[in-house]
Amino acid sequence: MKLQRENKSKEPVVIVGAGLSGLRAASLLISQGIPCMVLESRERFGGRILSQVALNKPELGKFDLGPTWFWPQYEPMITSLVQELGLDVFAQHTEGAMLSERYKHEPAQRFMLAEGAVERSMRLTGGVQCLIDAIAATLPLGTIQLNTRVTAIRAGEDQAITLEADFPDGIRKSITASAVILALPPRLVARHIAFSPALPSELMTSLMNKPTWMAGQAKVVAVYDTPFWREDGLSGLVSSWVGPLQEIHDASPATGSGALFGFFGMRAELRQELGEDKVLSLVVEQLSRLFGPSAEAMSGLLYKDWSMDPETAVDEDSTPLADFPNYGRLSGAGVWSEKIFFAGTETSPEHGGHLEGALQSAEQAVSEVIQLYQTQA
């Protein structure tokens with residue numbers, strides 16, 4: 001049943017950030033009859049979800065430079081949403097031997113993992129961008145405003161909430177909101193949005209203590225016409241103490257082309273010092289070392305260094321995560337309670353750092369906004 005807006009405010013809920021959390025929150029609000037708008041500083045929506053094609057061979061498919069997997073056995077929310085939206089999925093390829101590379105000048109060791117050693121995950125046909133596109137398609141035209149950067153949020157004595165934002169035409173405009181959902185990394189909120197009155201110190205501390213997931217990482221995908229390593233009985237899974245990639249997986253679509261993707265063991269500062277060309281030449285050298293000369297015959301090489309993305313990372317995020325962060329709800333909103341709400345994988349009490357956590361946080365934020373509307377009715 002849709003909620004009827006009987007409160008005095010006729011303003012929409014403004015969502016800052018058009019990643020998975022922001023778009024899902026918008027979809028849920030609209031399904032309840034609550035008008036909203038989504039403001040996104042990037043020129044695209046999706047946030048840290050990014051699926052791209054090989055520049056010269058787009059027919060080989062889209063490949064994920066952000067999140068890739070989900071686990072239906074543990075993550076009911078994304079599993080249900082994927083089914084609801086009618087998206088196709090397939091199991092991550094894990095069949096065959098894995099390689100373990102300990103020394104650069106010695107061949108990698110090849111061995112079979114015990115059955116069940118790798119938890120089976122699922123992938124979306126066409127990349128995770130398909131999920132983003134499907135959610136965005138549920139929103140009325142004009143809901144999402146791209147290239148729009150929120151710089152300030154003010155709360156007046158009359159309970160009015162005003163956002164200041166730089167629009168694509170270069171003009172700074174004011175937007176009045178009934179409530180604001182901040183669906184972007186907490187550290188970006190703390191560093192790039194000015195609040196009046198100022199956020200309480202407890203909340204600022206809580207924001208800065210939420211390391212941005214993926215912000216110190218980079219990801220590379222080598223695209224091939226076929227997954228040739230499977231012919232050699234290899235799964236594509238590699239663990240390396242040599243680098244530059246410390247972990248490699250098969251990133252091939254369900255059928256057709258092949259791909260390998262890797263996570264870097266190299267610190268963000270070193271990647272930036274070396275530069276993209278040198279980093280990628282080291283990647284090609286490593287793949288050739290591991291998989292033979294066929295690995296050099298790439299149809300494309302995709303690269304995304306999230307630590308150099310100002311819409312993702314702040315300076316504090318350059319420090320590598322030593323362990324999985326203890327994510328969870330933010331605390332200490334004070335005078336800003338019932339005005340601003342938080343969504344994003346870093347604010348989810350469960351599954352933080354996963355797509356599931358992003359969806360859970362969106363549902364939680366929307367639930368709180370609906371409660372606010374009900375009390376104001």
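**View 1. Lining of the second largest pocket by residue class: 18 nonpolar, 13 polar and six charged residues.** The model shown is predicted. At least two lining residues come from each of helix H1, strand S10 (149–155), helix H4 (186–192) and helix H8 (355–376).

**View 2. The β-α-β unit formed by strand S1, helix H1 and strand S2.** The unit is right-handed, with H1 spanning residues 20–31. S1 and S2 (residues 36–39) run parallel and are joined by four bridges. Across this pairing, valine 16 stands opposite leucine 39 of S2.

**View 3. Strand S1 and its pairing with strand S13.** S13 covers residues 179–182 and pairs with S1 in the parallel sense over four bridges. Valine 14 has valine 180 of S13 as its bridge partner. Within S1 (residues 13–16), the side chains of Val13 and Ile15 point one way, while Val14 and Val16 point the other way. All four of these residues are buried.

**View 4. The largest pocket, with a volume of about 940 Å³.** The lining consists of 38 residues; Trp213, Met214, Gln217, Glu247 and Phe263 lie nearest the centre of the pocket. Strands S15 (218–224), S17 (245–250) and S18 (258–264) and helix H6 (268–274) are the elements that give two or more residues to this lining. By class, the lining residues of the largest pocket are 19 nonpolar, 11 polar and eight charged.

Note on methods
Residues are numbered from 1 along each chain as its sequence is written. This is a predicted model: local features need pLDDT of at least 70, side-chain atom pairs count only at pLDDT 80 or more; totals for chains, interfaces and linings use all residues. Side-chain values use heavy atoms; hydrogens and water are left out. Buried means under 20% relative accessible area, exposed over 50%, partly exposed in between (1.4 Å probe, protein chains only). Two strands pair if DSSP finds at least two bridges between them. A crossover is right-handed if, with the strands pointing away from the viewer, the path from the first strand over the helix to the second runs clockwise. On a 1 Å grid over the protein atoms alone, a cavity is a set of points where a 1.4 Å probe fits but cannot get out, and a pocket is an open set with protein on both sides within 12 Å along at least five of seven lines; lining residues have an atom within 4 Å of a point. Grid points are joined across faces, edges and corners, and a volume is the space filled by probe spheres set on the points. Ala, Val, Leu, Ile, Met, Phe, Trp, Tyr, Cys and Pro count as nonpolar, Asp, Glu, Lys and Arg as charged, and the others, Gly among them, as polar.
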